[in-house]
Amino acid sequence: MLRHQPDAIGLQLDTEGWADLSELIHLANADGRNLTLELVKEVVATNNKKRFVFSEDGKRIRASQGHSVEIELGLEPVTPPDFLYHGTATRFLDSILEKGLIPASRRHVHLSAEQTTALEVGRRHGKPTVIKIRSSEMHSSGHEFFLSDNGVWLTTFVPVGFLIFEEV
Ligand code: HQG
């Protein structure tokens with residue numbers, strides 16, 4: 001609901017992806033889910049990728065990244081490390097070689113600072129492979145990078161020229 005289908009329960013996300021916490025709980029319960037404030041707090045605290053955050057006043061909640069709905073996270077552009085990694089499935093490689101990395105249904109291409117994390121991301125799609133990205137060079141040539149609250153690197157598009165295909 002916080003990333004892909006807020007409409008399914010009638011939830012409104014604001015332009016930066018925030019949902020009113022009590023509204024989320026109310027609407028989820030109206031949809032037959034047994035969601036409580038305690039459960040939401042537990043998920044925010046213990047989610048393995050820290051996917052969700054509360055606003056400073058604790059009244060709102062949002063996903064830190066991974067949206068397919070149209071929102072603007074409002075993150076400041078930051079300078080990336082020299083290299084970042086993208087995990088994907090081998091069956092996508094031909095298309096990636098042709099078009100570069102595109103966000104598919106999401107708002108951003110997701111990149112990891114660690115090769116091992118990228119490998120896990122790739123595994124979700126099939127036989128995994130990891131592509132190395134010349135992120136520093138990309139940044140120097142004008143591409144913006146963002147770092148989500150939960151440590152995922154985001155950019156809009158990676159042209160083929162910045163991709164390094166190597167065995168892992
Ligand atoms: C691929 C998870 C063909 C891309 C992870 C990926 C991540 C292309 C798939 C987050 C392509 C999109 C995002 C091209 C890219 N041709 N395929 N030109 N360019 N692709 O799920 O990066 O667990 O939308 O390689 O940890 O896999 O949900 O993106 O395989 O951070 O929190 O198109 O999702 O986080 O798949 O994963 P996705 P992703 P959560």
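In this predicted model, R33 and D31 are joined by a salt bridge whose closest N and O atoms lie 3.8 Å apart, a salt bridge being a side-chain nitrogen of Lys or Arg within 4 Å of a carboxyl oxygen of Asp or Glu. R33 is exposed, at a relative accessible area of 55%, whereas D31 is partly exposed, at 40%; here buried means under 20% relative accessible area, exposed over 50%, and partly exposed in between, with a 1.4 Å probe and protein chains only. Residues are numbered from 1 along each chain as its sequence is written, and side-chain values use heavy atoms, with hydrogens and water left out. Because the model is predicted, local features need pLDDT of at least 70 and side-chain atom pairs count only at pLDDT 80 or more, while totals for chains, interfaces and linings use all residues.

By the salt-bridge rule, the count comes to three. One of them is formed by the side chains of D14 and R60, with an N to O distance of 3.3 Å. This pair links distant parts of the chain, 46 residues apart, since D14 belongs to the segment before β1 (19-20) and R60 to strand β3 (residues 60-63); helices (H or I, at least four residues) and strands (E, at least two) are DSSP runs, numbered from the N terminus. D14 is partly exposed at 30% relative accessibility, and R60 is partly exposed at 31%.

A salt bridge also connects E120 with R123, the closest N and O atoms being 3.5 Å apart. Because E120 and R123 are three residues apart in helix α4 (residues 115-123), about one helical turn separates them. E120 is partly exposed, with a relative accessible area of 46%, and R123 is partly exposed at 44%.

A contact of another kind involves K132, whose charged end sits over the ring of F83, 4.4 Å from the ring centre; a charge is taken to sit over a ring if NZ of Lys or CZ of Arg is within 6 Å of the ring centre and within 35 degrees of the ring normal.

Three strands form an open sheet in the order β5-β8-β7, with antiparallel pairing, where two strands pair if DSSP finds at least two bridges between them. β5 (109-111) and β7 (146-147) stand at the edges with a single partner strand each, so one side of each lacks a neighbour in the sheet. β5 and strand β8 (residues 153-155) run antiparallel and are joined by three bridges, and L111 stands opposite W153 in β8.
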